Amino acid sequence: MSKERIKNGLMLFAFFFKIGCFTFGGGWSILAQMEQEFVDKRKLITKEELLDMVAVGKSVPGIMITNISMLFGYYVGGWFGGVCAVLGMTCPAVLILSFVTAFYKVLKSNVWCYAALRGIRCAVVPIMGSAALSLGKEAFRRKSAITICALALALCVFTDISNVVMIVAGVILALSIRAVKKTRGGQTA
């Protein structure tokens, strides 16, 4: 294995370990940090590529952010980068959860812990909103995407259609639109 690949893997481990320690709010808050670090600052990927990774990471079984970490790590550093990114993302959670589990009885009734968690909740909402708005701009560049999203939202809110059915329908619709545009010689969706 080359020194460059090892260097990339260690960089991925360090970055994901750092953000893994502060993943309050789940995957969307991590995506905001990934976008800031790897799209805006280091320019290793584009917003569109990150959005594609999000789509794949959410579509396959497993934990969304772990899936995205693996995809991103693989994209940047091959299989070693993928493994390093996943280890970096999961190690802090295992360590923190082990600590919390060991001292749960003490922590659950501690007024300082309760206050800290309330503060964290207040900070997480804007981080998640920022990621959603930033990646949403990339996702909704075409009118068809906005229309499909609005239709899917209405179906989710006003019907009891299964999420599985919604996802399968979305895939079929997107592939159909792409096929129609391709046969007409137009731009792909």
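A search of the whole structure turns up three salt bridges. The term means a side-chain nitrogen of Lys or Arg within 4 Å of a carboxyl oxygen of Asp or Glu.

Ground rules, quickly. This is a predicted model, where local features need pLDDT of at least 70, side-chain atom pairs count only at pLDDT 80 or more, and totals for chains, interfaces and linings use all residues. Residues are numbered from 1 along each chain as its sequence is written, and side-chain values use heavy atoms, with hydrogens and water left out.

Start with the helix pair. Two packed helices are described by the angle between their axes and the distance between the axes. Here, helix α2 covers residues 27–41 and helix α3 covers residues 47–59. Helices are DSSP runs (H or I, at least four residues), numbered from the N terminus. The two axes come within 10 Å and cross at roughly 150°. Axes are lines fitted to C-alpha atoms over the stretch in contact, and angles run from 0 to 180 degrees between N-to-C directions. So α2 is roughly antiparallel to α3; the cut-off for that word is over 145 degrees.

Who makes the contact? From α2: Trp 28, Leu 31, Met 34, Glu 35, Val 39 and Asp 40. From α3: Lys 47, Leu 50, Val 54 and Lys 58. Contact means heavy atoms within 4.5 Å. By class, that is six nonpolar, no polar and four charged residues. For these residues, Val, Leu, Met and Trp count as nonpolar, and Asp, Glu and Lys as charged.

Glu 35 and Lys 47 meet through their side chains at 3.3 Å, N to O. Glu 35 sits in α2 and Lys 47 in α3, 12 residues apart, and the pair links distant parts of the chain. Is Glu 35 buried or exposed? Buried, at 5% relative accessibility. Lys 47 is partly exposed, at 27%. The cut-offs: buried is under 20% relative accessible area, exposed over 50%, partly exposed in between, with a 1.4 Å probe and protein chains only.

Next, the network. Salt bridges link Glu 37, Lys 41 and Arg 42. Glu 37 to Lys 41 is 3.8 Å, N to O. They are four residues apart in α2, so about one helical turn separates them. Arg 42 to Glu 37 is 2.6 Å, N to O. Glu 37 is buried at 9%. Lys 41 is exposed at 61%. Arg 42 is partly exposed at 37%.

Methods
Helices (H or I, at least four residues) and strands (E, at least two) are DSSP runs, numbered from the N terminus. Angles under 35 degrees count as roughly parallel, over 145 as roughly antiparallel, 65 to 115 as roughly perpendicular and the rest as oblique.
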